[in-house]
Amino acid sequence: MFRSRLLPLLLLLFLPHSTFPQTPAAPTPKPAPITSLGALRQLPPETAARRQPVRIQGVITAVNWDGTLFFQDETGGSFFNLRPEFRHFRPGDRIELEGISHAGSYVPGIHATKARLIERVPLPTPTPATYDILLSGHLHYQRVAVSGIIRAVEPEDKNTWSITLASGQQRLEIRYRPEEPTPMPPLVDAQVRVSGLAAGFINQKRQLVRPQIFLNNLSDLAIEQAPPPPFSLPLFPISRLLNFTPNGTPPHRVRVRGVVTYHQPEEALFLRDDDRGLLVRTRQKETLSPGDVVEVVGFPVMGNFSAVLEDAEFRRTGHAPEPRPVPAQLTGALKGENDADLVSLEAQLIEVLQGPEETVLLLRQGESAFRARLPRTPLDLRNGSTLRLHGVCRVDTFTGSLSFRANPRSMELLLRSPADITVLKAPSRWTAQRMGMAALVLLLVVLASLSWVAVLRRRVREQTEVIRQRIEREAVLEERQRVAREMHDTLAQSFSGVGFQLEALDAQLPADTGLKRCLATAKQLVRHGQEEFRRSLLNLRAQELERGNLATALGELGQQVTAGSGISFELLTHGHLPRLPEAVENNLLRIGQECLTNAVTHARPRRITAELRREENRVHLIVRDDGSGISQAHLDQPQPGHFGWRGIRERAEQISAQVHLESEPGAGTTVQITVTLPST
């Protein structure tokens with residue numbers, strides 16, 4: 001029964017899939033095209049980016065010849081790409097557009113593939129709007145109408161204009177770009193109604209930073225109240241700007257007259273009318289000087305603390321004596337009495353800061369601090385100096401009170417040039433900081449002197465030790481010389497006399513007597529004694545070392561031993577070789593002499609090389625020849641007048657040196673002596 005159930009399962013697993021009928025997959029239905037701009041605007045950016053099909057009818061409202069057309073239907077507005085075949089379209093064309101959606105930078109847009117003109121129609125009726133409505137974005141890329149007063153008209157390039165419209169307390173930019181360069185009529189201070197496309201500046205986060213209006217035609221700018229000639233307006237006292245009037249402050253320009261106290265071309269102008277100062281914002285390029293009398297036409301607005309004229313223009317009408325600064329105290333300035341006026345203040349300098357475009361002075365008067373600014377200028381001022389400053393006073397911030405009074409909280413001075421700074425009292429150069437630096441330098445000098453004294457003491461000890469060793473060495477050498485001279489004059493002469501007597505006795509004895517053999521033995525003993533005595537004299541009196549160091553002495557011995565033999569001798573030195581202990585120098589010299597003598601006498605070489613090498617605390621003496629080599633038996637047999645290999649090893653043992661010999665018949669001989677020097 002189990003097998004009968006398992007068999008169908010196995011067949012089901014292993015039979016090819018082709019044996020079973022397959023149902024074909026149903027084709028994915030294409031999405032229905034979007035037929036209204038309102039539906040397109042409802043798409044989230046990620047959905048619009050999936051290239052949804054679009055088929056919409058709408059009216060072209062604006063053309064941006066940089067590459068975009070804007071159009072609108074009853075439900076909203078959007079944009080599509082300006083292809084070459086679409087360049088004949090104009091605002092007012094009703095078209096049918098086909099394409100696919102894309103996310104756009106703010107509002108979803110259309111990549112158009114087809115567009116056909118249906119008919120010419122009037123532009124859609126603009127929707128009334130304010131700055132705040134435009135900033136909300138829900139009318140973006142739709143026709144709107146905004147009313148206000150023109151504050152400025154400025155060209156951006158040869159055929160693009162930027163028009164500033166005051167809409168309530170906000171400023172709205174209107175961009176007008178006709179197909180052909182067009183002269184602009186007088187518009188500043190005109191009451192207008194503008195109909196155009198709602199647009200604006202978009203950041204990378206898909207946010208509307210600042211709205212603007214795109215104007216197709218100058219006819220869409222309706223002048224409701226034309227501006228009067230600017231300098232025909234009645235003069236208005238500076239002291240009455242933005243004061244209370246029963247009918248409120250009109251939003252139009254006013255004309256004032258004053259004397260220039262400070263001018264920053266294309267930026268700001270400061271005037272004085274009687275005893276009141278005024279800040280004027282203007283982009284006019286003409287340069288003015290203090291004392292010039294000017295008339296100014298501008299829009300009065302409230303600045304940080306006092307009235308300001310904005311979007312102003314001026315004309316020079318004469319010249320008067322340069323205004324004198326008003327003496328002031330910081331407490332008075334902080335009451336707002338001198339805002340925008342030229343004043344004179346005394347204060348103590350805290351610090352000078354240099355910025356990329358301006359120089360800032362941090363100052364103090366009493367317990368209050370403030371700053372003064374002027375165009376970037378190198379200043380030679382010391383902190384703590386008492387200064388007199390001439391500059392324009394500007395209230396920076398203020399606070400309110402329960403009595404509805406605005407009270408200045410901070411102020412600054414605008415200096416015109418370094419000539420506005422007078423040093424009344426310079427601080428002592430011995431400030432706490434400088435005294436601290438001087439004490440630090442003195443301490444460093446004392447420490448350096450103590451260190452130098454310590455170094456000198458160590459050098460004196462070292463030199464004293466060298467002199468002591470030299471004196472001891474010279475004393476030892478002198479004593480050895482004396483002993484050697486006495487031994488030469490006594491024992492050496494005695495050995496020679498005995499030798500002569502034995503030679504005379506040997507000549508008188510018959511040749512076949514036993515005394516003859518005894519006499520020969522005695523003569524041999526005398527010669528051996530003379531050799532041992534000569535060896536002792538050499539140990540006592542190393543004349544070569546008296547004339548120079550080990551290298552010099554070894555070189556002289558090499559030249560003496562090989563003189564007249566036709567053998568080439570060369571001495572090589574490596575590293576700095578100072579004077580070595582006397583015992584080391586003397587034994588190394590005699591070992592070298594023995595190696596040279598053995599090579600010349602027994603090996604018959606063509607070349608002999610002696611090498612002295614200093615490595616850290618070791619000294620190596622290496623003697624090489626290219627002669628016949630020396631057998632071990634011959635080395636161990638002392639020859640008359642020589643110490644032999646055994647003598648070399650004995651001398652090496654006296655100075656705790658290591659001896660290494662390499663010699664093969666016909667391959668020359670190398671002897672290396674290594675002495676380890678005591679560490680200092």
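Modeller: Contact here means heavy atoms within 4.5 Å. Helices (H or I, at least four residues) and strands (E, at least two) are DSSP runs, numbered from the N terminus. Axes are lines fitted to C-alpha atoms, for helices over the stretch in contact, and angles run from 0 to 180 degrees between N-to-C directions. In these terms, helix α9 (residues 550-562) lies across β25, β26 (607-615) and β27 (618-625), and runs at about 170° to β25. Helix α10 (residues 582-603) also packs on the sheet, where it touches β25, β26, β27 and β29. The direction of α10 makes about 10° with that of β27.

This is a predicted model, in which local features need pLDDT of at least 70, side-chain atom pairs count only at pLDDT 80 or more, and totals for chains, interfaces and linings use all residues. Residues are numbered from 1 along each chain as its sequence is written, and side-chain values use heavy atoms, with hydrogens and water left out. The pLDDT is the predictor's confidence in each residue, from 0 to 100. Its mean for the protein is 83, and 85% of the residues reach 70 or more. Confidence is lowest in helix α1 (residues 2-14), at a mean of 42, and highest in strand β6 (residues 127-128), at 96. Over residues 1-21 the pLDDT is below 50, and this stretch has three contacts in the model beyond near neighbours in sequence. Where pLDDT is low, the predicted coordinates should not be read in detail.

The sheet itself is open and consists of five strands in the order β25-β26-β27-β29-β28, with mixed pairing. Two strands pair if DSSP finds at least two bridges between them. The edge strands, each pairing on one side only, are β25 (568-574) and β28 (658-663). On average, neighbouring strands of this sheet are turned by 10° against each other, direction ignored.

On a 1 Å grid over the protein atoms alone, a cavity is a set of points where a 1.4 Å probe fits but cannot get out, and lining residues have an atom within 4 Å of a point. Grid points are joined across faces, edges and corners, and a volume is the space filled by probe spheres set on the points. The structure holds two cavities of 30 Å³ or more, and about 100 Å³ of space lies in the largest cavity. Of the 12 residues that line the largest cavity, Cys595, Asn598, Ile630, Thr669 and Val671 are the closest to its centre. The elements giving two or more residues to this lining are α10, β27, α12 (644-654) and β29. Helix α10 gives the most, with three residues. The lining divides into nine nonpolar residues, two polar and one charged; Ala, Val, Leu, Ile, Met, Phe, Trp, Tyr, Cys and Pro count as nonpolar, Asp, Glu, Lys and Arg as charged, and the others, Gly among them, as polar.

Key:
On a 1 Å grid over the protein atoms alone, a cavity is a set of points where a 1.4 Å probe fits but cannot get out, and a pocket is an open set with protein on both sides within 12 Å along at least five of seven lines; lining residues have an atom within 4 Å of a point.
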